Every structure is written in structure tokens, then in C-alpha cells.
Amino acid sequence: MTLEELCARVPELNNYLKFMPQELNERYWIHTYPEGTIIHQKDELLEYFGIVCEGSPPCNQRV
């Protein structure tokens with residue numbers, strides 16, 4: 001999937017990307033995780049950040 005296809009599928013993403021610094025705009029990647037994949041553990045040190053565009057939280061996630 002290209003960034004253009006993702007923005008067409010999730011139009012709200014355009015608001016985030018509009019002011020993204022060029023350095024970050026050149027370093028993104030689009031990844032689809034299989035259902036049930038843990039993307040981030042609580043209190044885990046992150047080496048990157050991500051924007052989750054679609055999906056639903058697991059039933060045991062506290063909001």
C-alpha cells in the first residue's frame with residue numbers, strides 16, 4: 001500500500017501529515033500487523049513512533 005492509498009482510505013491522516021517535517025516524511029514506512037500482534041508494551045522504550053490508522057484494541061486493553 002502506498003501513502004497515497006492509505007490517505008485515501010484514512011482521510012484523517014492528512015491532518016497529521018500536513019505539518020510533518022521533511023526529514024520524517026522521508027523516513028516513514030507502512031506496515032500491516034496481523035490481528036493479535038502486540039505493537040507496543042506498556043513502559044517499553046521506543047525507538048520509533050507510529051500512527052495506528054485502523055483496527056481495534058484488544059478486549060483487555062484499559063482505556
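Trainee: Is Leu 3 buried or exposed in this model?
Mentor: Happy to walk through it, keeping in mind that the model is predicted. Leu 3 has a relative accessibility of 16%. Buried means under 20% relative accessible area, so Leu 3 counts as buried.

Trainee: Where is the place of Leu 3, and which residues is Leu 3 in contact with, leaving aside its neighbours within four places in sequence?
Mentor: Leu 3 is placed in helix α1. With neighbours within four places in sequence set aside, the contacts of Leu 3 are Leu 17, Tyr 28 and Ile 30.

Trainee: What distance separates the C-alpha atoms of Leu 3 and Tyr 28?
Mentor: Good one to follow up, as Tyr 28 is among the contacts of Leu 3. Along the chain, the two are 25 residues apart. Their C-alpha atoms are separated by 9.2 Å.

Trainee: Which residues is Val 10 in contact with, leaving aside neighbours within four places in sequence?
Mentor: Once neighbours within four places in sequence are left out, its contacts are Cys 53 and Glu 54.

Trainee: Is Trp 29 buried or exposed?
Mentor: Trp 29 lies in the segment after α3 (22-25). Together with Tyr 33, Ile 39, Tyr 48 and Val 52, Trp 29 makes a nonpolar surface patch of about 550 Å². Its relative accessible area is 55%, and exposed means over 50%, so Trp 29 is exposed.

Terms used. Residues numbered from 1 in each chain as written. Predicted model: local features only at pLDDT ≥ 70, side-chain atom pairs only at ≥ 80, totals over all residues. Heavy atoms only, no water. Patch = residues over 30% accessible without salt bridge, like charges linked within 9 Å, V, L, I, M, F, W, Y side chains within 5 Å. Areas by Shrake-Rupley, 256 points an atom, 1.4 Å probe, with all protein chains shown as cover. Salt bridge = Lys/Arg side-chain N within 4 Å of Asp/Glu carboxyl O. Helix = DSSP H or I, 4+ residues; strand = E, 2+ residues; numbered from the N terminus. Buried < 20%, exposed > 50% of the residue type's maximum accessible area, 1.4 Å probe, protein only. Contact = heavy atoms within 4.5 Å.
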